[in-house]
Structures are given as C-alpha cells and as structure tokens.
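Please look at the sequence and the structure first.

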There are 2 protein chains.
Amino acid sequence: MRKIAIIGVGQTKFGEEWTKSLRDLAIEAGIKAIEDAKIEGKEIEALYIGNMSGIFTSQEHLAALAADMAGLNPIPSIRCEAACASGSVAFRNAYLSILSGQHDIVMAAGAEKMTDIVDAGALNALMSAGDQEWEGFVGLTFAGLYALIARRHMHEFGTTQEQLALVSVNNHKNALKNEYAQFRQEITVEDVLSSPIISDPLHLLDCSPITDGAAAIILASEEAIKRLKIENPIWVLGVGQASAPLALHDRKSLTRFDSTIIAARKAYSQAKISAKDIEYAEVHDCFSINEILAIEDLGFCEKGEGGKFVEKNGINEVVKVNSTGGLKAIGHPVGATGIRQLCDLTRILREKGKYGLAQNVGGSGSTCVVTILGSKDSIKG
Amino acid sequence: MRKIAIIGVGQTKFGEEWTKSLRDLAIEAGIKAIEDAKIEGKEIEALYIGNMSGIFTSQEHLAALAADMAGLNPIPSIRCEAACASGSVAFRNAYLSILSGQHDIVMAAGAEKMTDIVDAGALNALMSAGDQEWEGFVGLTFAGLYALIARRHMHEFGTTQEQLALVSVNNHKNALKNEYAQFRQEITVEDVLSSPIISDPLHLLDCSPITDGAAAIILASEEAIKRLKIENPIWVLGVGQASAPLALHDRKSLTRFDSTIIAARKAYSQAKISAKDIEYAEVHDCFSINEILAIEDLGFCEKGEGGKFVEKNGINEVVKVNSTGGLKAIGHPVGATGIRQLCDLTRILREKGKYGLAQNVGGSGSTCVVTILGSKDSIKG
C-alpha cells in the first residue's frame, strides 16, 4: 500500500464573510494550501471538494468552478457530498485516488457559503442532510434531532445540562488563540444556560453557528514527497468511513453513533494504534451533545462517561479534544469542516505529538469519517 | 493495475414517475443491479451515487439514505456531483476505490427526481450547473448556452438546422425498442423544425427532457469475479475525466469541448485503442448540437463534419452513436445519465461487439468523463 501524506494546508478565516463569495473562499483556501506546500499549481493532478448543498448559493458543479478559478484545468474535479461530512469524504476519495496509483498529488478541499440565504433558508438547507420524508417535512430540525439524542443521554447516563454547557465553554476557551475562529471570546456555563432554548435541552450556545469558510489540503504519495523534497509531511495512517440510517427512528440506540464506532475501528486498525495512543482529537461538536458522544464512541472513555470527561476540559491522560476550538467556536461551514479539522491536526503535528484523529459526522450520525494522522515521530518507530 | 469489470446493471423506467420518490427510484435501480449480478447485497463494500442537485427535492445526503434504504449499511456511501456528469464521476470514483485495493465490489449508481419541483424550478436547478455569477444570474439558461454553441457551429462549419433536427429524429427512432425510454415514438425533421423555438436555433425537440430515473452498476475486481464465478463481465478498459471553464466566455473555442478531447485521449490511451475501434458510443445529447460536438471531439469524424455524420443516422463504417436512444429519447435524469449510458453499453457488449464508449458531459462542457468498456472478445486478443 502506498504511503500518503499531507504536504500543505490552507484555510480562510471562518465567520460571516459578507464580502466573499463561495468561489472566493474556495480559491483563497486552495492557494494558501499550494503556497504552504511550496509547490506549483501545475503539480496538482486532481481536485476533490466537499460542499454540502447547492441550496445555500444556487451553485452546484463547484469542483469544476474551483478548478477553473484556481487555474487548475484540465484536471479531474470532483465534488463529494455527505452532508456535514462532505469535507472528509472528499479527503478520503482524494486519498483513494492516490492509493489507486492514478494520481500522485491531489488537492482535497471543502467550502460552504451559508450566510447568503435569508430567513429560515439555512435551516431548511441543513435539514436536507436528514431524512426529509420522515423527519424534515414533519418539522424536525437538526437542533431537534440532537435534542432528542441529548435528552436520551441524560436519561440513560445522568449527563447534565452543565456538562453539555461545558463543551461549549471549553471550546470557546480553546479558540482564543485560533486566528481563524469565528468566536474568540470566553463564555461561562451560566452564559450557555441562560441563552435561549433552541430545542430543549439544547440552548443557543450548545449549537455551532452558521458560518462561511473554506479549507484545503494537498495530499501526496511518498514518491512525490521524495521528488519534491517536502519537509515534515504529516502521514495519513488510517481512514475509515461508515454509514447508518438517516432517520433516528431506525437506529438501535440514540446514545451511540454506530457509524463513528465502525469508522474508528477501521481507522485504528489501518493505523495499527488504539484510542489510548491519540494525543489530539478534532471531533464533530455540531451540538454540544455530539462531542460527548464522540468522546465515548471513539473510545476515549467508557460509554456514558463523556460528560465527566468534559468536566476535565476535554483532556484525559493523553488526548486533548478540540484543542483549537471545535465547530462551536471555530464555526461550522458544513462542507469545509472535515478539511478544517485535518488542517488543524496537521499544524499541531508539525510542531508536537505523534498521533492525531479527526471525526467528522454527516447528519445525525448517518455518515462518519474517522481519519488518523501521524507526525514524523509516528513513523520513526 | 487491477482489472475491473461491470458485473451487474439495473435501471428504472425513465420518465415522469409521479408515484415514485427519489429514494424509490434509487433503490429500484440498485436492487435490479444486484439481482442482475446474481450476488447478495452484503457483498457490496461501498456505494457511490451520482446526483446533481438537492434543489430538485430538498434531499441531500442521498448516498447514506440509499445505503440505508437498500440495506447496505454500514458501508461507506459517497455522493458525487459534477452536474450532468455526476453519474460517471460516481462511476470513476467507484472504479478508483477498487483500483486502490480498499474495495473489491462496489456499487456505482445515479438518480435524479426532477419533476417534483414546480414552475421554473427545474430550469433554475439545472442552471446551478453553470456559472451562476457570470451566466445564471443574468438570465442565461442551458438551452441558451447550447444555442450559442449551435449558432457558432453553424457559422463556422455550415451545420444546418436540419442536421441538428436529425440528431433527435435518429435518437427517437433508436429508442423505439428501448423499454426504459421516456419517448418511444418516431418524429420527423419537420416535427422538430415546427416545434416551438426554445432558444434560437434550438427548438423544443432539440432538447432532452426533464426526467425522473435511476440506474446502477456493480463493479468488481478480477479476483472477486473469479471468486464469485461471474459470467460475461464487461471490462472497464479506460476512464478519463477532465475539467474546463464553467463560463462559456472563458473558453478558447465554442465549437469544441476540450474536456471531451482530453478525457477521450486519456481513456483511449488507457484502453490502448483509438476512436476507430469503437463500435457503440453513448454520447451526451442533452441538446442536439452536443451530439454533433461529441462525435467530432471523440474522433469519430473530423471537426466540422458532425452534421454530415448525423445524416448517416449516426453510423459510420464502425461506430453506432446513441443506438439506444440518447438523452433526447431515453430521457435525462441528470445524475443518472452517466450510469444509464454504461448500463446500455454493458447490455449491448454482453451480446455483441468488442468496444463501447460513453461520453458524459457536465454543464456546457465544464466536466467530461469518457469511459471505454470491452466485452469478453476485447480481452481475447
């Protein structure tokens, strides 16, 4: 099996970027990734881009558009979509395209422009990631779906609203030093609990925001890395993806995501490591309850103990969870998030540590991708 | 490089399928493909699905939905989008995923439900495949874009409206025996020329219709084919994909699609054959002019001679173009078309001939995928 690594990362500021269009965001991230890799655009052999919904901007066919605007034509350009896991699904397919031997250097990007749609438009667009016939058309929103999950977790395991609130408190604190983050101010548990209820038990500050942003990564084969004399590549050690029912009523349990469990098992197995080896984890806290589920399903603690884990600021003996701010504070431009997580892990692993993990969820757990990256120390032995 | 073949195909009837939802269509096609391959669903290791736009149905995340509804969980499920080339982009990535060694048996499907949207909704959804900022928002439609191309082709090469009309006449005739086709009645050149002008010089009957439909293919590695004792696999001999500017004003020429030329070169090179070896070609006649461009850009005749080629009923010494009816008569459920073309070629090559080619275009030529299939005779020598 070919060895493949991340050799460049780039992203835009995340936030309400009124002066930038979807294509502006995508191109800015892509060019930054190319500059970071210190290669020329003509080295790139294919472009994969994660983007969740044309409903936000009325622009589909984004991969060809971005390839054109970034001067990458005539390379193959592919948009991948799996709701909020679109970015990491694009990453996985970029990775597979190199593994196939057809390409050596490939860009995997993600972009979403969510603030160009008015009124309830963004909520409706997001609900297209759920089961519209069974959930959306009868009035459920994603806050509603995750509220059902949160309530059940509280019932089964005694998880508290304060623990949920702490997810957001921790992530806001972690984002203070993140120059790309949408929110860089501390909040308190009291702030979260006194913010408006969106869907009981979830308050406004339990919810990740509507965000514009893009992120991009350059992936390369070991042969290309040697040829280009790339320094400090961050290796892709494992990638797992799994699917689960879209509709919540079809799940065996509301308090675990089988897609996360199966994707993680695949990724750990491929990387030949286990949960206890992971030092940095970027997990999908679209709503606070989802960080708790992720911590449990990824094996960082026992099922039901996620709330207590969060009380330790998302840090156990080894792993630091969402140390750059998570979706809550960095923002969640849905198609870009999976790539942003991997950009963050790459920046961390270039400086310190051996193993990082990203968990990116689509819908209410219907898609999950788990990716494990390793620094140069990870392959020394 | 692993050898990979198509071992099963399935599709729905194409048309205005009022009683079937997007998921109904996708599942029907998928189950037919599994039955055709004579395998069990549990053998399938990943699902790729081409689907152009959530604007049509408000349902994104279709791959996970289809995996769930078809009982394929928890396999990785990926939606690919490249406008009307979404189906063949899904196919190419399914193919790459097997080539990567990560999977052995993968389903590539395509589905679109276009008639659930009212008024100009379908036109607006389709225009999301073009450059919205430069083309869509100022009023251009795809009929308008292809009309500009047609007018320029007439100007440069003397192509006539009668030749354009003959594309539709031929394809309607070819669809008479196609049980899946939306339109199974003969039309005349006079019918085309007396139908309403949509965008001069294109008449209503120069345009492919709005269609509901789905198609699915099972791909397998040579090892899996031997293990499962599959009879008469149809081999994937070459797949090329290329991108070009979305906006027409950025092209060097209006009368050729560089994406087709580059994708075809890659596919011919990989298959180690040339245009003169192709016996059956399914090309992308979304508008009549596009069949003429395809015939030229794929090398079946010289540039500018496509109109004369069509006068011979789309048949030269060797190749039969759109012998099952083309997009015009079969219908064009945009995300499904690329897969439908490959289903048709597979059915043909199981019976007769050595080499078939499919050309699937996204937008006004911004994406093109060219796939070459070969029958058992193609590998005998």
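## Overall fold

Chain A holds 15 helices and 12 strands. The model is a predicted one. The C-alpha trace of chain A spans about 55 × 50 × 40 Å along its principal axes. For 381 residues, a compact globule would have a radius of gyration near 21 Å, and the 19 Å of chain A agrees with that.

Of the 381 residues in chain A, 66% are buried. Among the contacts in chain A with a separation of 6 or more, 77% are between residues 24 or more positions apart.

## Confidence

The average pLDDT of chain A is 96, and 98% of the residues score at least 70. For the model, ipTM is 0.97 and pTM is 0.98.

Strand 1 of chain A covers residues 4–11. Eight of its eight residues are buried, so strand 1 is largely enclosed by the rest of the structure. Which strands pair with strand 1 of chain A? One is strand 7 (residues 212–221) of chain A, which runs antiparallel to strand 1 and is joined to it by seven bridges. Within this pair, Ile4(A) stands opposite Ser221(A), and Gln11(A) stands opposite Ala215(A). Strand 8 (residues 234–243) of chain A also runs antiparallel to strand 1, with two bridges between them. Here Ile6(A) stands opposite Ile234(A) of strand 8.

Strand 7 of chain A is mostly covered, with nine of its 10 residues buried. Besides its bridges to strand 1, strand 7 pairs with strand 4 (residues 105–113) of chain A in the antiparallel sense, over nine bridges.

## How the two chains are related

## The contact between chains A and B

In the contact between the chains, 53 residues of chain B meet 53 residues of chain A. On the side of chain B that touches chain A, the elements giving two or more residues are helix 2 (62–69), strand 3 (77–81), helix 3 (86–99), helix 5 (132–136), strand 8 (234–243) and helix 10 (258–271) of chain B. By class, that side of chain B has 23 nonpolar, 22 polar and eight charged residues.

Strand pairing also crosses from one chain to the other. Strand 3 (residues 77–81) of chain A pairs with strand 3 of chain B in the antiparallel sense, over three bridges. In this pairing, Glu81(A) has Arg79(B) as its bridge partner in strand 3 of chain B.

## Two partly exposed residues

Gly144(A) lies in helix 6 (residues 142–157) of chain A. Is Gly144(A) buried or partly exposed? Gly144(A) has 18 other C-beta atoms within 10 Å, so it counts as partly exposed; a buried residue would need 20 or more. Leu246(A) is 102 residues from Gly144(A) along the chain, and their C-alpha atoms are separated by 14 Å.

Ile39(B) lies in the loop between helix 1 (22–37) and strand 2 (46–50) of chain B. Because Ile39(B) has 19 C-beta neighbours inside 10 Å, it is partly exposed. Apart from its neighbours within four places in sequence, Ile39(B) is in contact with Ile34(B), Ile218(B) and Leu228(B). Ile7(B) is 32 residues from Ile39(B) in sequence, and the two are 9.4 Å apart in space, C-alpha to C-alpha.

Key
Residues numbered from 1 in each chain as written. Chains lettered and ligands numbered in written order. Predicted model: local features only at pLDDT ≥ 70, side-chain atom pairs only at ≥ 80, totals over all residues. Helix = DSSP H or I, 4+ residues; strand = E, 2+ residues; numbered from the N terminus. Rg over C-alpha atoms; globule rule 2.2 N^0.38 Å. Buried ≥ 20, exposed ≤ 12 C-beta atoms within 10 Å, placed from the backbone. Contact = placed C-beta atoms within 7 Å. Nonpolar A, V, L, I, M, F, W, Y, C, P; charged D, E, K, R; others polar. Pairing = 2+ DSSP bridges. pLDDT = per-residue confidence, 0-100.
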